[in-house]
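Subject: Structure for you, with notes on helix packing

Hello,

Here is the structure I promised to pass on.

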Amino acid sequence: MGLKDEYSLAREWVAGELSFERDDSFSTFEVHNHPRPCALLSAYHLSDHDPIYLQEATELADRMLPAFDTPSGLPLPVINLAERKGYHTKDFPDLSSIAEVATLQLEFRYLSQLTGREEYWCAVEKVMEVVKRARLPHGLASIFIRIEDGQFDTSVIRLGSRGDSFYEYLL
């Protein structure tokens, strides 16, 4: 687009200032959607493979992977990036939304292809296997799924919040 000065400033910030060493509780879903491995991987691709973007995407994914360390393999809805540890939410303990668990697939699979590290692919593939096994007779997904056993919780089905991203990513 010819925005070379803006790109240089952004790259300089990523290389020198971007830090995921954040000792606080963040929504795993929001971490994925905002600092976003996708944005870093897109920048990597569009910059003719500038390694800084792949390095940062890998660091972010490595900090997110512990959220998947659950009996079912579904990621916990809260992550502390500094601790590299996932947590349950206080408002819906033991539950996560279908949107939260099933929207990391594209980025983690692409990162796996770029790095040759299978753990990214395996983590998100396991999530999709759990979701598939939990499938309800009508084929739609309840907005809540139990983290412990990977079964849908009795809850509403909707295409809005807590459900929308799941259906978008299926496409």
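At what angle do the axes of helix H3 (residues 37–46) and H6 cross, and within what distance do they come? In this predicted model, the two axes cross at roughly 40° and come within 10 Å. An angle from 65 to 115 degrees would be roughly perpendicular and one under 35 roughly parallel, so H3 and H6 count as oblique to each other. The crossing of H3 past H6 is left-handed. On the H3 side the contact consists of Pro37, Cys38, Leu41, Tyr44 and His45, and on the H6 side of Glu107, Phe108, Tyr110, Leu111 and Leu114. By class, these residues are 8 nonpolar, 1 polar and 1 charged.

H6 also packs against helix H4 (residues 51–64). For H4 and H6 (residues 105–115), the angle is about 125° and the axes are 11 Å apart. This pair is therefore oblique, and H4 passes H6 in a left-handed crossing. Leu54, Ala57, Thr58, Ala61 and Met64 make the contact from H4, while Phe108, Leu111, Leu114 and Thr115 make it from H6. There are 7 nonpolar and 2 polar residues in the contact of H4 with H6, and no charged ones.

H6 passes H7 in a left-handed crossing. From H6, the residues in contact are Gln105, Phe108, Arg109, Leu111, Ser112, Gln113 and Thr115; they meet Glu118, Tyr120, Trp121, Val124, Glu125, Val127 and Met128 of H7. The contact of H6 with H7 has 7 nonpolar, 4 polar and 3 charged residues.

In soluble globular proteins, nonpolar side chains tend to be buried together. The largest nonpolar core here contains 38 residues, and Phe68, Ile98, Val101, Phe108 and Val131 have the most contacts inside it. At least two residues each come from H3, H4, helix H5 (98–101), H6, H7 and helix H8 (164–170). H4 gives the most, with 7 residues.

Apart from neighbours within four places in sequence, Phe108 is in contact with Pro37, Ala61, Met64, Leu65, Phe68, Tyr120, Trp121 and Val124.

Regards

Note on methods
Residues numbered from 1 in each chain as written. Predicted model: local features only at pLDDT ≥ 70, side-chain atom pairs only at ≥ 80, totals over all residues. Heavy atoms only, no water. Axes fitted to C-alpha atoms, helices over the stretch in contact; angles between N-to-C directions. Helix = DSSP H or I, 4+ residues; strand = E, 2+ residues; numbered from the N terminus. Parallel < 35°, antiparallel > 145°, perpendicular 65-115°, else oblique. Left-handed = near helix turned anticlockwise from the far one by under 90°. Contact = heavy atoms within 4.5 Å. Nonpolar A, V, L, I, M, F, W, Y, C, P; charged D, E, K, R; others polar. Core = buried A, V, L, I, M, F, W, Y, C linked by side-chain atoms within 4.5 Å. Buried < 20%, exposed > 50% of the residue type's maximum accessible area, 1.4 Å probe, protein only.
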